[in-house]
Amino acid sequence: MIKEAVILAGGRGSRLKDRTAAMPKGFLEIGGKTMIEWSVQKLLGAGIEKIIIGTGYLHEMYDTFAKKYPAIKTVCNEDYASTGSMGTLETCAPHVTDTFLLLESDLIYDNIGLYVLINETHENVILASGATHSGDEVYLEAREGILKRLSKIKADIAPVYGELTGISKLTTTFLNAMCEYAAQNQETASSCKQKSTLEYEHVMSACANVSPVFIRKIDRYAWREIDDETHLQMAEQEILPRIIENESLRAVRREILLNPGPATTSDTVKYAQVAPDICPREKEFGVLMAWICRELTAFVAPPGEYETVLFGGSGTAADEIMISSCAPDNGRILIVDNGSYGERMAKIAAVYNLPCTVFKSSNYEALDIVKLEAIFKSGNYTHLGIVYHETTTGLLNPLDVICPLAKKYGLVTIVDAVSAYAGIPMDLKKLGIDFMAATSNKNIQGMAGVCFVICNKNELEKTSVLRMRNYYLNLYDQYDYFVKHGQTRFTPPVQTLYALRQAILETKQETIEKRYQRYTECWRVLVSAVKKYNLSMLVKEENQSHLITAILEPETPDYDFDTFHDLARKHGFTIYPGKLGAINTFRIANIGDIQPEEMRRFTGVLGSYFVS
Ligand SMILES: *Cc1c(COP(=O)(O)O)cnc(C)c1O
């Protein structure tokens, strides 16, 4: 799996004169977006975790840009004006730790090129295209598919095999060889200069004599390097439309799920499931799972003090794991039930015959904290089970008050945060949450099939002595086995874990704070439409999560959920009914890969049904 990329962005790009007077070439806009942004988004979509941008000319602009994407690291080639692109690559080299993609900064390209290189079995590979007639070609000569020579002068090359696109894949060994070559050739040229004046492609070509560089050619590849005004026009008018068409043809039809999970996923998460077959007991898969556990923990707690334990299963499995694995036989669990999921926690405890008392509260009104504290204080309980966000109604329980109170009276806290995790910023340590259940398919925006429990390690260790009440769903056994063997006890959902890796990368780029803001903005769009069409909500706004809204079904006889559902579905939106005893609601969730403009489009559909 390729995780690193280097973008060479040191040079000035003087042939674009005025345009690059105030910005580096990568900041030129094509189709309303800068080239660097196009490129970074494509790299992130291809699963790249670390992007090193080698800057120089007006490097501050890249430094500012990098703040938007935590994956980016900028390194500056101070001598950019007197070095070639190899000088910038030398500046980047110390930060590269594994096989990487190497790109020039002034490119637009079809993302298929990245996947082709990533999947290529040869180690060092140049991506080539057929003839572009761009007027600034670097021609490649090959023998048996291996690079023999490259030149801008066509006559030097016989015959022309393809054109250099400026996208390659290289190993660190090859990179080191390139740096060595550059250093040696520098000494002969001028002894005082520190960095190479050569262009990187020439060094690559020189080193190809030592270690073979393969050329992977896509004949009609849609790409363009931008060196002058003509290129810029060509890119905008001819190349970009081709790229957009190609990429959208490969996109999966977009369905927007407004049901309370599973949530809408990005194309890049969907495609991450298509991976080579692998035995999950191979070491590299164990490394992947360990990385996933660490990252899932790090979103909400310090890894080391807290541990994530993975299982195959839906969110309810994580609830069952926690409830059945955390309390001793003589423990006494208090379960707060103010919705279907609290009720489910109590049912699980009953199935296992655990000593448990249910604290019943309204499904749509805020919990009575004073009453709850009095129960904690009574000393009758050892564990508290509670749902963070009651998905049934969108009611958010104030765990920031409740859990610290429970801790004050010595209770161990067991929280179902399935529909809160990764959608609402939280700090388990501050909140005083000991065990927390979540799943891969809600706010983390992965695929259904993986569930996990994030545990306070001290509390988790205490459960090691408990009698096993079940086998497959046992928390401590799963944890212990993974620590000792780097594997799960039973076959994990391999492809779902690959998708979860990509979903984690995308969450890290967006950040949970920003994701919560995006969800909240979608919710605001919805709430204002609800008011506009005289509908009412079950839960008071101040008690809502901003993630899911329960809307009362109008009492008019001509309202029919199925008709409304089918209309919404025709427009690409899926909605879900919700029954709460005698109260009929339909629920709109705005979690997942959804944007405010899509929610606005949905409110249009809502209006067209409720106004007519
Ligand atoms: C979705 C959800 C679950 C789990 O449901 P599954 O169908 O098992 O994935 C559990 N608790 C809450 C609060 C949820 O929203």
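Student: How do the axes of α12 and helix α13 cross, and within what distance do they come?
Tutor: The axes of α12 and helix α13 (residues 399-408) come within 9 Å and cross at roughly 20°. Axes here are lines fitted to C-alpha atoms, for helices over the stretch in contact, and angles run from 0 to 180 degrees between N-to-C directions. Helices (H or I, at least four residues) and strands (E, at least two) are DSSP runs, numbered from the N terminus.

Student: What does that make α12 relative to α13?
Tutor: Roughly parallel, a term for angles under 35 degrees. The crossing is right-handed, meaning that the near helix is turned clockwise from the far one by less than a right angle.

Student: Which residues meet there?
Tutor: From α12, Ile369, Leu372, Glu373 and Phe376 meet Val401, Ile402, Leu405, Ala406 and Lys408 of α13. Contact means heavy atoms within 4.5 Å.

Student: Good. Before we go on, what are the ground rules?
Tutor: This is a predicted model, where local features need pLDDT of at least 70 and side-chain atom pairs count only at pLDDT 80 or more, while totals for chains, interfaces and linings use all residues. Residues are numbered from 1 along each chain as its sequence is written, and side-chain values use heavy atoms, with hydrogens and water left out.

Student: Which strands does α12 lie across?
Tutor: Helix α12 (residues 369-377) lies across β16, β17 and β18 (383-387), and runs at about 170° to β16.

Student: And in what order do the sheet's strands come?
Tutor: The order is β15-β23-β22-β21-β18-β16-β17, an open sheet of 7 strands with mixed pairing. Two strands pair if DSSP finds at least two bridges between them. β15 (306-312) and β17 (356-360) are at the edges with a single partner strand each, so one side of each has no neighbour in the sheet.

Student: How many bridges join β16 to β17?
Tutor: There are 5, and the two strands run parallel. Asp337 stands opposite Lys360 in β17.

Student: Switching topic: how many disulfides?
Tutor: The count is 0, where a disulfide is a pair of cysteine sulfur atoms within 2.5 Å. For Cys76, the nearest cysteine sulfur is that of Cys92, 10 Å away.

Student: Is Cys76 buried, exposed or partly exposed?
Tutor: Cys76 counts as partly exposed because its relative accessibility is 21%. Buried means under 20% relative accessible area, exposed over 50%, and partly exposed in between (1.4 Å probe, protein chains only).

Note on methods
Parallel < 35°, antiparallel > 145°, perpendicular 65-115°, else oblique.
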